[in-house]
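Me: I have a structure open and would like to learn how to read it. Could you take me through some of its features, one at a time?

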Amino acid sequence: MSEVNKTIQKWHASFEKGTDFDSWGQLVEAIDEYQILARQLQKEVQSTNASDFTEEQKKTLGKIATCLEMRSASLQCTQSKEDFKLEELKKLETIIQNILTYNKEFPFDVQPVPSRKILAPGEEESLEEEEEEEEEDAAAGAGSTEGCLIRGTLLPRLPSEPGMMLLTLKIEKIGLKDAGQCIDPYMTISVKDLNGVDVNPVQDTPVASRKEDTYIHFSVDVEIQRHVEKLPKGAAIFFEFKHYKPKKRFTSTKCFAFIEMDEIKPGPIVIELYKKPTDFKRKKLQLLTKKQLYLHLHQTLHKDS
């Protein structure tokens, strides 16, 4: 099999995987798969190297990437203005399979994604681009608090074990200078070992409950999915603050924070915010701002005596 056919086969497998997740209701996994494939297609479209695809075929691949982004946005939004249904997306399967011979009109009136990098969750954008787009987003989404409600994936507390402690973290609020401009903000919580590898299932909060001045309020409990005594030495609990960017139809990480094992103790805790990309190994940390703005948490330890 030629390299180009292997590439097409790989794209098709990724497309099938995403639509399967989608039809099973596994929305987080579907979104991830769609965004990965969209980036792969966009990379091919933007490649300046010798290509096995004609310019027309690249245009078609770009339109497929647009449709994948639109479906991904539809899954992330309960009030999406550009609802793109799974049944519509599935019409593209034969086009991907037969991209080398496809010569019909594209079934949807969409344009290829503009020539830009498609960001994965946690990937770094340049600060200049970030500032520009936040100004645009503020104009596009000012006053919006529920335009694109993220479905949270918080998990219940584990069963207790004698002599073992469980940790509940209440995310109370986060301080940001542009809090009012953040659209549909939520938090992703993960527990990583010293090498940045997941120790527990990753959880997302629902969209924040309200915004007030320089604060975004969550008031939500997160149950850490392992007994404290069983967490590996050197592990840390990460909080990634994410928000929706209408211009990109994409959810982006804005900043992150973490607590280490020696900071786990009952009561309130205020922790610093760091610039993205999220540094799970905690090697090159840069504070987000010099302003007195932090992530406010409350820790509760449950022990079965």
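Predicted model: local features only at pLDDT ≥ 70, side-chain atom pairs only at ≥ 80, totals over all residues.

Me: Where is N200 found, and what is it in contact with?

Reply: Helices (H or I, at least four residues) and strands (E, at least two) are DSSP runs, numbered from the N terminus. N200 is in the loop between β2 and β3 (203-204). Contact means heavy atoms within 4.5 Å. Leaving aside neighbours within four places in sequence, N200 is in contact with V191, I224, Q225, R226 and L231.

Me: How many residues does the largest nonpolar core have?

Reply: A nonpolar core is a set of buried Ala, Val, Leu, Ile, Met, Phe, Trp, Tyr and Cys residues joined through side-chain atoms within 4.5 Å. Here the largest one has 31 residues, and I171, I174, I237, F239 and L295 have the most contacts inside it. Among the elements that give two or more residues to this core are β1 (165-175), β6 (236-245) and β10 (295-303). A second, separate core of 29 residues includes V4, L41, F84 and L92.

Me: Which residues is I171 in contact with?

Reply: Once neighbours within four places in sequence are set aside, the contacts of I171 include M187, I189, F218, V220, F239 and L295.

Me: How many disulfides does a search of the whole structure find?

Reply: A disulfide is a covalent bond between the sulfur atoms of two cysteines. The test used is a pair of cysteine sulfur atoms within 2.5 Å, and the search finds zero. For C255, the nearest cysteine sulfur is that of C182, 8.2 Å away. C255 is buried, at 0% relative accessibility.

Me: What about helix α3: how far apart are its end C-alpha atoms?

Reply: The expected span of a helix is 1.5 Å times one less than its number of residues. For the 22 residues of α3 (residues 55-76) that should be 32 Å, and the end C-alpha atoms are 32 Å apart, which agrees. Since 19 of its 22 residues are buried, α3 is largely enclosed by the rest of the structure.

Me: And how many aromatic pairs are there?

Reply: Rings of Phe, Tyr and Trp (its six-membered ring) pair if their centres lie within 6.5 Å; planes under 30 degrees apart count as stacked, over 60 as edge-to-face and the rest as tilted. The search finds nine aromatic pairs. In one of them, F21 and W24 have ring centres 6.0 Å apart and planes at 85°, so the pair is edge-to-face. Both lie in helix α1 (residues 3-24), three residues apart, about one turn of the helix. F21 is buried at 15%, while W24 is exposed at 57%. The rings of F258 and Y274 are stacked, because their centres are 5.6 Å apart and their planes at 15°.

Definitions and conventions: Residues numbered from 1 in each chain as written. Heavy atoms only, no water. Buried < 20%, exposed > 50% of the residue type's maximum accessible area, 1.4 Å probe, protein only.
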